[in-house]
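User: I am new to this structure and would like to learn how to read a few of its features. Can we go through them one at a time?

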Amino acid sequence: MKSFKEKVEAFKLQVNTRDGSCLNCCDCSNCSECGFCLKCDDCIQSVSCDCCSYCDFCDGCKNCVDCRNCSNCTWCTFCYDCENCTDCFCCNNITNKQYHVFNEEVSPGEYHTMIVEAKLAGIIT
């Protein structure tokens, strides 16, 4: 049976990233100075994000990739300074938008076709 100290150490390993600079993160890898994130990879100074990769200075984002200074965005890729956006690609400084590419609105079908093309071209994984 594990001692109390061993249980605490095991918990700390579970909720911190490899470098130990994150606070209360779970199942994250290679992140730095993040807090309260879940299943993120290679993020820097992000807070309360879930399943994000390569996101820096983000807050409350989910399933985002390579975003910077975004807040409460979901399924966004290569976005910068965006807030409350969903399904956006290569956007900058937009708020409360969905299905936008290069800051222009597109239909859901056009958006998903473009994402498939970007994946096939190796632009995103």
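User: Which helix gives the most to the lining of the largest pocket?

Analyst: The general idea is that rolling a probe the size of a water molecule over the atoms shows where empty space is left. This is a predicted model. Here, helix α2, residues 108–120, gives the most to the lining of the largest pocket, with four residues. The space in that pocket comes to about 380 Å³. It is lined by 20 residues, and the closest to its centre are Val 65, Thr 77, Lys 119, Ile 124 and Thr 125.

User: How many residues of each class are in that lining?

Analyst: The lining has 12 nonpolar residues, five polar and three charged.

User: Is Ser 53 buried or exposed?

Analyst: Ser 53 counts as buried because its relative accessibility is 18%, and buried means under 20%. Ser 53 sits in the loop between α1 (4–15) and β1 (86–89). Leaving aside residues up to four places away in sequence, Ser 53 touches Asp 41, Cys 43, Cys 64, Val 65 and Asp 66.

User: What is the phi of Asn 93, and what is that of Asn 103?

Analyst: Most residues other than glycine have a negative phi. Asn 93 is not a glycine, yet its phi is positive, near 60°. Asn 103 also has a positive phi, of about 70°.

Terms used: Residues numbered from 1 in each chain as written. Predicted model: local features only at pLDDT ≥ 70, side-chain atom pairs only at ≥ 80, totals over all residues. Heavy atoms only, no water. 1 Å grid on protein atoms, 1.4 Å probe; cavity = no way out; pocket = protein on both sides within 12 Å on 5 of 7 lines; lining within 4 Å. Points joined across faces, edges and corners; volume = space filled by probe spheres on them. Helix = DSSP H or I, 4+ residues; strand = E, 2+ residues; numbered from the N terminus. Nonpolar A, V, L, I, M, F, W, Y, C, P; charged D, E, K, R; others polar. Buried < 20%, exposed > 50% of the residue type's maximum accessible area, 1.4 Å probe, protein only. Contact = heavy atoms within 4.5 Å.
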